[in-house]
Amino acid sequence: MVNHKDLTVELCGTKLDNPVIPASGTFGYGREFAELYDINILGTFSFKGTTAEPRFGNPTPRIAECTEGLINSVGLQNPGVEAVIAEELPAMAEIFHKPVMANVSGSAVEDYVYTAGLLAGQQQIGWIELNISCPNIHGGGMAFGTDPEVAHEVVSAVRREISGRKPLIVKLTPNVTDITEIARACEAAGADGLTLINTLQGMRIDLKTGRPVIARKIGGFSGPAVFPVALRMVYQVYEAVNIPIIGCGGVSTAEDVLEMMLAGATAVQVGSANLTDPFACPKIIDSLPRVMEEYGINTLKEITGGAH
């Protein structure tokens with residue numbers, strides 16, 4: 001029967017009711033979505049990227065539409081880690097009764113260590129998700145995640161800080177020559193899991209003005225158009241590491257979830273789809289049993305890596 005499908009998965013030792021996780025930056029702190037549906041149906045969610053200090057974000061315009069996707073350059077706008085702990089987490093506890101994923105960003109190794117250290121001490125946090133797609137101010141502005149040695153340095157520093165408290169998941173940038181090299185460096189540094197991919201780089205030009213649409217010219221390109229790239233990277237990284245992978249990038253249907261899991265994902269993040277349809281995640285969760293039935297799948301966790 002369709003209604004007897006097992007959607008549960010296990011992520012770094014914690015059982016999820018299903019593998020569907022809204023991606024950081026597309027779900028805020030859950031409040032707006034909680035007004036529309038019971039967000040406790042989600043596996044979990046990754047809340048807004050948090051930094052050591054408050055950040056106002058980038059100048060506007062920050063969003064540009066594209067065929068089958070969008071470009072954004074929000075710039076990690078957030079109230080800073082102390083305000084998140086004092087205000088956002090208690091508010092979140094009222095609406096979400098499962099462990100939540102804390103997405104951590106920074107522009108120096110010590111920023112990551114400080115922010116992750118504080119968040120790892122919070123009971124509600126189930127996992128720390130380290131976003132190493134951020135520009136490294138001490139490294140000339142290149143993202144931490146584009147150089148295996150720099151990626152190793154930041155991951156090991158955070159691992160030492162939060163050791164034994166929370167699992168550490170590292171979110172990888174796709175803007176590299178060989179994603180497996182970065183993935184292996186993160187695993188060697190003590191990562192418990194990986195999220196891939198973050199956004200590709202893209203831009204649009206306004207034909208009326210002849211200038212780039214986004215104020216910072218280049219932004220993060222996401223949406224259904226990036227799905228095949230994300231799927232390919234999940235497939236490659238699954239063969240390169242022995243830690244769980246969260247597949248992310250252009251996921252918008254239950255079929256996409258199955259593809260990601262067959263490629264090697266243990267769980268799946270849904271990003272841009274939340275911005276175009278706030279009910280994207282409940283729709284995916286609702287249709288998973290029917291799609292599993294269609295393809296003869298009874299237990300979701302058994303298909304991870306099935307395409308290899």
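## Helices α4 and α5

In this predicted model, α4 passes α5 in a right-handed crossing. On the α4 side, the contact is made by Pro148, Ala151, His152 and Val155. Their partners on α5 are Glu181, Ile182, Ala185, Cys186 and Ala188.

As for geometry, α4 covers residues 148-162 and α5 covers residues 179-188. The two pack at an angle of about 30°, and their axes sit 8 Å apart. Angles under 35 degrees count as roughly parallel, so that is what we call α4 and α5.

## Helices α7 and α9

Next up is the pair made of α7 (residues 254-263) and α9 (residues 280-294), with axes 8 Å apart and a packing angle of about 70°. That angle is why α7 and α9 are described as roughly perpendicular to each other. Here too the crossing is right-handed, with α7 passing α9.

Which residues of α7 meet α9? They are Ala254, Glu255, Val257 and Leu258. From α9, Ile284, Ser287, Leu288, Val291 and Met292 take part.

## Helix α2, bend included

Helix α2 runs over residues 81-95. With 15 residues at 1.5 Å a residue, α2 should span 21 Å, and its end C-alpha atoms are 20 Å apart, so the two figures agree. Still, α2 bends by about 40° at Glu88, with Pro90 following within four residues.

Glu88 also turns up among the buried residues of α2, along with Val81, Ala83, Val84, Leu89 and Met92. What covers those buried residues includes the helices α1 (31-34) and α3 (109-120). Strands β4 (46-50), β7 (100-104) and β8 (125-131) are also part of that cover.

Notes:
Residues are numbered from 1 along each chain as its sequence is written. This is a predicted model: local features need pLDDT of at least 70, side-chain atom pairs count only at pLDDT 80 or more; totals for chains, interfaces and linings use all residues. Side-chain values use heavy atoms; hydrogens and water are left out. The expected span of a helix is 1.5 Å times one less than its number of residues. The bend at a residue is the angle between axes fitted to the seven residues ending there and the seven starting there. Buried means under 20% relative accessible area, exposed over 50%, partly exposed in between (1.4 Å probe, protein chains only). Contact means heavy atoms within 4.5 Å. Axes are lines fitted to C-alpha atoms, for helices over the stretch in contact, and angles run from 0 to 180 degrees between N-to-C directions. Angles under 35 degrees count as roughly parallel, over 145 as roughly antiparallel, 65 to 115 as roughly perpendicular and the rest as oblique. A crossing is left-handed if the near helix is turned anticlockwise from the far one by less than a right angle, and right-handed if clockwise.
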